[in-house]
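Here are a few friendly notes to read alongside the model.

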Amino acid sequence: MIFVTPMSRLEETVRRSGASHLVTLLTTGSTFTLPEQISRENHLHLTMHDIAGPREGMTPPDTGHVGALLDFAGNWDRSAPLVINCLAGISRSTAAAYVVCCALRPDRDEADLAAALRRLSPS
């Protein structure tokens, strides 16, 4: 199971879900404390801005970020949940959850996965 959460609810989400793995998507320099339930080797921290393309002084998501996310997700054994968080828990984290779902469930139609994600997301 995958949980998407904002930074403000990260500790609670990790604790309540029993997650073993965490993906964090924040801008460079953001303050972050790894929840104690998550070991360093089970945490992927990607730094990027919440933008769709190049902008002066900002880092957009790129193929390196996607590759690291896919590698991390591929090594997650799925015995306990994965939590994905960004600052607001809306755009970067939801996009990452969608990428992970598509990669782990290639048998599912991507449009169906997107519709399910929209249905389950409060925003």
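1. The side chains of Asn 85 and Thr 24 make a polar contact at 2.9 Å (a pair of N or O atoms within 3.5 Å; within protein, one able to donate a hydrogen and the other to accept it, with residues adjacent in sequence counting only if both atoms are side-chain atoms). Please keep in mind that this is a predicted model, where local features need pLDDT of at least 70, side-chain atom pairs count only at pLDDT 80 or more, and totals for chains, interfaces and linings use all residues. Residues are numbered from 1 along each chain as its sequence is written, and side-chain values use heavy atoms, leaving out hydrogens and water.

2. Asn 85 lies in strand β4 (strands are DSSP runs of E, at least two residues; helices are runs of H or I, at least four; both are numbered from the N terminus). Asn 85 is buried, at 0% relative accessible area (buried means under 20%, with a 1.4 Å probe and protein chains only). Beyond its neighbours within four places in sequence, its contacts include Thr 5, Leu 22, Phe 32 and Ser 93 (heavy atoms within 4.5 Å).

3. Strand β4 (residues 82–86) pairs with β1 in the parallel sense over five bridges (pairing needs at least two DSSP bridges). Pro 6 has Cys 86 of β4 as its bridge partner.

4. The open sheet has four strands in the order β1-β4-β2-β3, with parallel pairing. β1 (2–6) and β3 (43–47) are at the edges with a single partner strand each, so one side of each has no neighbour in the sheet.

How values were computed. Buried means under 20% relative accessible area, exposed over 50%, partly exposed in between (1.4 Å probe, protein chains only).
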